[in-house]
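Let us walk through a protein model step by step. Keep the sequence and the 3D view side by side as you read.

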Amino acid sequence: MTEAEIRELDHAEIGPHIPMLLAEGFTPEIDQGTWIGAFVDGELAGFVRVFEEGGAWMLEDVYVFDRFRRRGLATALIARARDGLDHLWLICDDPMIDYYESLGFSILLKEEFPVSLATLYRDKREWPEATDHNHNAMRWSRHFP
């Protein structure tokens, strides 16, 4: 992994990147949860967002800028996001399943996705499927492999 400083971001640091995320099909909520960023040589290299909804913790907006990819930054950001948590959920597209499984996430039936998260993402039209592709519910738990 590239040596990186990983810390929480404030609105001024994440705000300029919201339009790019929207353009790439993400649905970021700048005021929901905690944004965590990875910095390489003082430059923001990537970020994730983690938030709690109805007792379920969710990982969202995992993004590493192109020139910083394949250095372990996403893995380090996800590790930091789940630090201190007992469980963490995410929604991913089919091509990302193997990556998240390598980090200890397990794919589950759509019916197992917490109701609070299913409702939130249904309102965003991202659950149980996006308009053009499948979505998968995955969960990491400190207590279950």
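A residue is called buried when its relative accessible area is under 20%, exposed when it is over 50%, and partly exposed in between, using a 1.4 Å probe and protein chains only. This is a predicted model, so local features need pLDDT of at least 70, side-chain atom pairs count only at pLDDT 80 or more, and totals for chains, interfaces and linings use all residues. Residues are numbered from 1 along each chain as its sequence is written, and side-chain values use heavy atoms, with hydrogens and water left out.

Start with the overall plan. The protein has 5 helices and 7 strands. Helices (H or I, at least four residues) and strands (E, at least two) are DSSP runs, numbered from the N terminus. Read from the N terminus, the order of elements is β-α-α-β-β-β-α-β-α-β-α-β. The radius of gyration is 15 Å, close to the 15 Å that the globule rule gives for 145 residues, so the protein is as compact as a globular protein of that length. That radius is taken over C-alpha atoms, and the rule is 2.2 Å times the number of residues to the power 0.38. Along its principal axes, the C-alpha trace spans about 45 × 35 × 25 Å.

Now look at the inside and the surface. Of the 145 residues, 43% count as buried. A contact means heavy atoms within 4.5 Å. Take the contacts with a separation of 6 or more: residues 24 or more positions apart account for 65% of them. The protein exposes about 7,900 Å², and carbon and sulfur atoms supply 50% of that area. Accessible areas come from the Shrake-Rupley method with a 1.4 Å probe; for residues, only the protein chains shown count as cover.

Next, zoom in on helix α5, residues 115-123. Which of its residues are buried? They are Leu-117, Ala-118, Leu-120 and Tyr-121. Seen down the axis of α5, the buried residues fall within an arc of 165°, so they line one face of the helix. The arc is that of the directions from the helix axis to the C-beta atoms. An α-helix has 3.6 residues a turn, so residues three or four places apart point the same way. The face turned away from the buried side of α5 carries the exposed residues Val-115 and Asp-123. What covers the buried residues of α5 includes the strands β3 (43-53), β4 (56-64) and β5 (87-92).

Strand β4 holds Glu-60. Is Glu-60 buried or exposed? At 8% relative accessibility, Glu-60 counts as buried. Leave aside its neighbours within four places in sequence. Glu-60 is then in contact with Thr-27, Val-48, Arg-49, Phe-51, Tyr-121, Lys-124 and Glu-126. Tyr-121 is one of the buried residues of α5.

Helix α3 (73-82) tells another story. In α3, 7 of the 10 residues are buried, so the helix is largely enclosed by the rest of the structure. The buried residues are Leu-73, Ala-74, Ala-76, Leu-77, Ile-78, Ala-81 and Arg-82. Just after α3, Gly-84 takes a positive phi of about 85°.

Some backbone angles deserve a look. Most residues other than glycine have a negative phi, and most peptide bonds are trans. Arg-70 is not a glycine, yet it has a positive phi of about 65°. Arg-70 lies in the loop between β4 and α3 and, at 87% relative accessibility, counts as exposed. Arg-125 is found in the loop between α5 and β7 and is exposed, with a relative accessible area of 68%. That loop also holds Pro-128. A cis peptide bond joins Trp-127 and Pro-128, with omega about 5°.

Finish with two loop residues. Met-96 sits in the loop between β5 and α4 (97-102). Met-96 is partly exposed, at 36% relative accessible area. From C-alpha to C-alpha, Met-96 and His-133 are 13 Å apart in space, and 37 residues apart in sequence. Glu-112 is found in the loop between β6 (106-108) and α5. Glu-112 counts as partly exposed, at 40% relative accessibility. Glu-112 and Arg-139 are 27 residues apart in sequence and 9.7 Å apart in space, C-alpha to C-alpha.
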